[in-house]
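Subject: Structure handover

Dear colleague,

Please find the structure for your files below. My notes on it follow.

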Amino acid sequence: MKALIMMLKNTNNGTFHPIMYFESPLPGPENENSVTRYKSKGHHTSGFESREKALEEANNIEVKLKETLYSSVTKELEGDLEWDGEGIPADIQIRAKS
């Protein structure tokens, strides 16, 4: 199984929240899909005041995921996904298969 870690930025209070995505195959035969779909399944709810601390937590999450079922964990932390802090930040990410 594959996992993806990205970063949310709460635009209302300026906090940073690592967010996890897990592989969720598209409908239909897998060999016909040239992309991998990832669905968000959780984020650090309280977040961090500094991006640096949030990056440290993203690294901890990566280690924990690799210790469990996830053979591949990708981190995409160059930029932030903006979130207004309201509701659940449900998201889908699509990536080309490597």
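Is His44 buried, exposed or partly exposed? His44 is partly exposed, with a relative accessible area of 23%; buried stands for under 20%, exposed for over 50%, and partly exposed for what lies in between, with a 1.4 Å probe and protein chains only.

Two points on how to read the values. This is a predicted model, in which local features need pLDDT of at least 70 and side-chain atom pairs count only at pLDDT 80 or more, while totals for chains, interfaces and linings use all residues. Residues are numbered from 1 along each chain as its sequence is written, and side-chain values use heavy atoms, with hydrogens and water left out.

Overall fold

Helices are DSSP runs of H or I with at least four residues, strands are runs of E with at least two, and both are numbered from the N terminus.

Along the principal axes, the C-alpha trace spans about 45 × 30 × 20 Å. Of the 98 residues, 36% are buried. Taking contacts (heavy atoms within 4.5 Å) between residues at least 6 apart in sequence, 65% join residues at least 24 apart. The accessible surface is about 6,100 Å², and carbon and sulfur atoms hold 49% of that area; the method is Shrake-Rupley with a 1.4 Å probe, and for residues only the protein chains shown count as cover.

Strand 1

Strand 1 covers residues 2–10, and seven of its nine residues are buried, so this strand is largely enclosed by the rest of the structure. Strands count as paired if DSSP finds at least two bridges between them. Strand 1 pairs with strand 2 (residues 16–23) in the antiparallel sense over seven bridges, and Lys9 stands opposite Phe16 there. The hairpin of these two strands has five residues between them, with Gly14 at a positive phi near 75°.

The pairing of strand 1 with strand 4 (residues 72–75) is parallel and uses four bridges; Ala3 has Val73 as its bridge partner. Strand 5 (residues 81–83) also runs parallel to strand 1, joined by three bridges, with Leu8 opposite Leu81.

Individual residues

Thr36 sits in strand 3 (residues 35–43) and is buried at a relative accessible area of 4%. Leaving out residues up to four places away in sequence, Thr36 touches Lys2, Glu23, Gln93, Ile94, Arg95 and Lys97.

His44 belongs to the loop between strand 3 and helix 1 (51–67). With residues up to four places away in sequence set aside, the contacts of His44 are His17, Pro18 and Glu57. From His44 to Leu69 is 25 residues in sequence and 20 Å in space, C-alpha to C-alpha.

Gly79 lies in the loop between strand 4 and strand 5 and is partly exposed, with a relative accessible area of 43%. Gly79 and Leu8 are 71 residues apart in sequence, and their C-alpha atoms are 8.9 Å apart. Beyond neighbours within four places in sequence, Gly79 is in contact with Met7 and Arg51.

Regards
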